[in-house]
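This briefing covers a helix core, a pocket, the salt bridges and a surface patch. Please read it alongside the structure shown below.

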Amino acid sequence: MAYPGYGAGHGGVPMQQQDPLYGYFSSVAGQDQQISADELQQCLTQSGISGTYKPFSLETCKLMINMLDRDYSGTMGFDEFKQLSQVLNGWKTTFMSYDRDRSGTVEGHELQQALTTMGFNLSPQALNIIMRRYSFGGKIAFDDFVSSCVKLRALTDQFQRRDTTRTGKATFMYDDFIQVSMSV
């Protein structure tokens, strides 16, 4: 009997276990093979994904799980973790390319350039809201950059699902708006 994600790899070792990320994931996942926000925080810290930046906050980890939580379990399986790792590596590369002074932070104009590179075309007013929410002293650290990216991605996805005519306008019922806003 075959189990999803456990195809035979080289030497009879399951494919997931050949993936270097699997070691980080399985060290905290337990028997249910799912990780919660606090376990994700531990796992990401062990994996070194944040590099020289400070570890991710629990709030950022909750946001990351919500971003990929298709079954609304509040946890993340290995495939979701692997997808998150790819997204995080992309965000980290983008962040590092705009953190030119290697301070571990980006300023407002650098943030705007980074977000534009990632496909987010924000108005100055929207960018100011992000800066007010995430910056300290006019600078945004990597953890807060990831939080803002998670929220932008989730809000953009939810908006695009409702903008069926692709006109830049969407209709939300109040309850639907609350659900979208609170899930991000």
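Helix α4 spans residues 58-68, and its buried residues are Thr60, Cys61, Leu63, Met64, Ile65, Met67 and Leu68. Buried means under 20% relative accessible area, exposed over 50%, and partly exposed in between (1.4 Å probe, protein chains only). The cover over the buried residues of α4 includes α3 (37-47), α5 (78-98) and α8 (142-162), where contact means heavy atoms within 4.5 Å. Helices (H or I, at least four residues) and strands (E, at least two) are DSSP runs, numbered from the N terminus.

This is a predicted model, in which local features need pLDDT of at least 70 and side-chain atom pairs count only at pLDDT 80 or more, while totals for chains, interfaces and linings use all residues. Residues are numbered from 1 along each chain as its sequence is written, and side-chain values use heavy atoms, with hydrogens and water left out.

**Largest pocket**

- The largest pocket holds about 470 Å³ of space.
- Its lining has 18 residues, and Asn66, Tyr72, Gln158, Arg161 and Ser183 are the closest to its centre.
- Two or more lining residues come from each of α4, α8 and α9, and α8 gives the most, with seven.
- On a 1 Å grid over the protein atoms alone, a pocket is an open set of points where a 1.4 Å probe fits, with protein on both sides within 12 Å along at least five of seven lines; lining residues have an atom within 4 Å of a point.

**Salt bridges**

- There are three salt bridges in the structure (a side-chain nitrogen of Lys or Arg within 4 Å of a carboxyl oxygen of Asp or Glu).
- Asp19 pairs with Lys82, with the closest N and O atoms 2.8 Å apart. Asp19 is in the loop between α1 (15-18) and α2 (20-29) and Lys82 is in helix α5, 63 residues apart.
- Asp19 is buried at 13% relative accessible area, whereas Lys82 is partly exposed at 32%.
- Glu107 pairs with Lys139 at 3.2 Å between the closest N and O atoms. Glu107 lies in strand β1 (105-107) and Lys139 in strand β2 (139-141), so the pair ties together parts 32 residues apart in sequence.
- Arg162 and Asp176 meet in a salt bridge at 2.6 Å, N to O. Arg162 belongs to helix α8 and Asp176 to helix α9, so this pair ties together parts 14 residues apart in sequence.

**Surface of α9**

- Tyr174 is found in helix α9 (residues 174-183) and counts as exposed, at 65% relative accessibility.
- Tyr174, Phe177, Ile178 and Met182 form a nonpolar surface patch with about 480 Å² of accessible area together.

Notes:
Patches are made of residues with over 30% relative accessible area and no salt bridge: like charges are joined within 9 Å, nonpolar side chains (Val, Leu, Ile, Met, Phe, Trp, Tyr) within 5 Å. Accessible areas come from the Shrake-Rupley method with a 1.4 Å probe; for residues, only the protein chains shown count as cover. Grid points are joined across faces, edges and corners, and a volume is the space filled by probe spheres set on the points.
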